[in-house]
Amino acid sequence: MTNPGHHFVAVIGGAISGSVATEILADHGIRVAVFEQNTRPYGKIEDGLPRWHVEQRKQEYARIDARMRKPNVYFIPSTKLGRDFSLPQLFEWGFSAVILANGAWRDRDLGVPEAEQYVGKGLVYQNPFIYWYNHKNEKDYAGPRYETPDETIVVGGGLASLDVVKVLQIENYERALRARGIEASMHELEKSIPEVCKAHGIKPEELGVKGCLLIYRRREQDMPLAQPPDNATPEQIAKTEMVRQKMLRLARDKYLFRVQDRRLTTGIIVESGRLAGLRVTETKIEGRKAEPIPGSEQELRAPLVVSSIGSVPEKLSGINMNGEYYTFAGKDVPRYTAMDRVFGVGNVVTGQGNIRVSLVHSQKVTKRVVDCMKGDDGNADAGAGSVDQKVAREKEQQVASAMDTIGKQMEVIPQLSDDQMAKVERQVHALQQKAGFTSDYDSWIAKVTPPDLE
């Protein structure tokens with residue numbers, strides 16, 4: 001559909017879930033302004049997916065780019081919710097609705113008293129660590145830099161923590177091989193550290209790398225490396241546990257790290273003003289609970305601790321939170337409770353970084369939001385000014401009835417007048433100009449992509 005309709009939606013975040021929502025809206029003739037906090041819209045594909053995933057990154061970039069090129073899509077870079085604008089402002093400007101797709105960029109706290117005092121002093125969190133690794137070789141990179149010492153402790157257990165482990169092991173073996181006069185690339189080592197060593201006639205143990213240590217509070221088979229299907233049978237759960245153990249075993253064989261499961265962090269070790277290790281206790285596993293075993297306490301010393309126990313949405317000015325998440329209500333269509341016509345999609349709701357999970361969630365939610373804008377012909381309304389009030393009321397009643405039938409307590413999103421649409425578009429252009437976006441999407445991406453970006 002090429003008719004832009006009489007709805008204008010603000011999508012906050014341009015990565016997987018945001019671009020998917022944008023595409024669905026645009027394909028229904030709805031105008032979309034994509035507010036992106038970075039210069040490029042790739043989110044954790046760029047900053048959270050380690051840079052050895054070259055082909056996957058290219059593929060996802062291309063998919064996001066194609067969605068951003070859709071007719072009726074307006075890209076607004078370097079503009080962040082809570083810093084450059086607020087949710088109330090979006091409605092003051094005249095937007096029909098808002099979709100929050102700004103992901104989960106904040107690391108969940110390690111959860112140990114006083115640990116936060118040592119961030120940057122022996123304690124590092126996963127998100128900034130992987131961001132550094134992805135960008136550290138760029139000429140213009142000006143962010144923090146991190147060491148990757150041998151025998152680092154990684155606290156976690158999910159796929160993201162395995163990425164952290166891989167970074168550490170690749171960095172350590174790259175240094176150890178270079179000390180022997182052997183240059184091995186990240187891409188070679190990522191395929192298999194033992195194979196690289198074998199190709200150069202060296203046994204890995206001869207290099208003196210002891211390896212980082214991954215600790216997890218439950219059992220190896222409980223690590224969230226693979227998920228069982230919904231409403232899984234006991235047999236399916238058992239199969240998933242076997243898959244998890246196999247994935248962990250293969251990773252250990254390729255990257256030579258150590259693992260201690262059933263270890264709960266209970267305290268920190270501090271020496272000379274730096275974090276020097278963790279106090280842990282063994283756990284007894286009963287279902288999903290990991291109960292500490294009295295008398296099993298021990299100290300694990302390390303030159304660095306990387307916490308990788310999950311990501312949650314950022315705390316943003318003016319956004320209400322309930323614990324670690326924004327205040328959404330409704331499972332099928334998450335609605336922000338503090339303001340009408342604000343919805344959530346992807347990681348900002350689910351907290352899961354999986355690409356497919358974010359994509360599917362965004363598809364389901366956005367299609368329901370579009371339902372709130374449809375007329376009786378099944379298409380997004382395309383001319384509020386040309387439809388008399390009686391017909392408009394009938395359409396709203398039909399949509400409201402449909403919403404009630406499927407059990408979604410969602411209001412009909414009213415159409416905008418021609419003047420209102422023009423007002424929003426003027427504001428969007430002003431914001432683009434303020435961000436320096438004065439041309440087309442492809443020209444902008446070419447302009448802001450670092451020439452030495454791997």
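Which residues have the most contacts inside the largest nonpolar core? The views below take us there and beyond.

This is a predicted model, in which local features need pLDDT of at least 70 and side-chain atom pairs count only at pLDDT 80 or more, while totals for chains, interfaces and linings use all residues. Residues are numbered from 1 along each chain as its sequence is written, and side-chain values use heavy atoms, leaving out hydrogens and water.

**View 1. The largest nonpolar core.** F129, L177, L189, L207, L214 and F257 have the most contacts inside this core of 40 residues. A nonpolar core is a set of buried Ala, Val, Leu, Ile, Met, Phe, Trp, Tyr and Cys residues joined through side-chain atoms within 4.5 Å; buried means under 20% relative accessible area, with a 1.4 Å probe and protein chains only. Helices α5, α6, α7, α8 and α9 each supply at least two of its residues, and α6 gives the most, with nine. Helices here are DSSP runs of H or I with at least four residues, numbered from the N terminus.

**View 2. Around L177.** Leaving aside neighbours within four places in sequence, L177 is in contact (heavy atoms within 4.5 Å) with I182, A184, L189, V196, I202 and L207. A second, separate core of 35 residues includes V9, A26, V32 and V73.

**View 3. Q363 on helix α11.** Q363 sits in α11, residues 355-371. Beyond its neighbours within four places in sequence, Q363 is in contact with V20 and I24. Q363 and T22 are 341 residues apart in sequence, yet their C-alpha atoms are 9.9 Å apart in space.

Definitions and conventions. Buried < 20%, exposed > 50% of the residue type's maximum accessible area, 1.4 Å probe, protein only.
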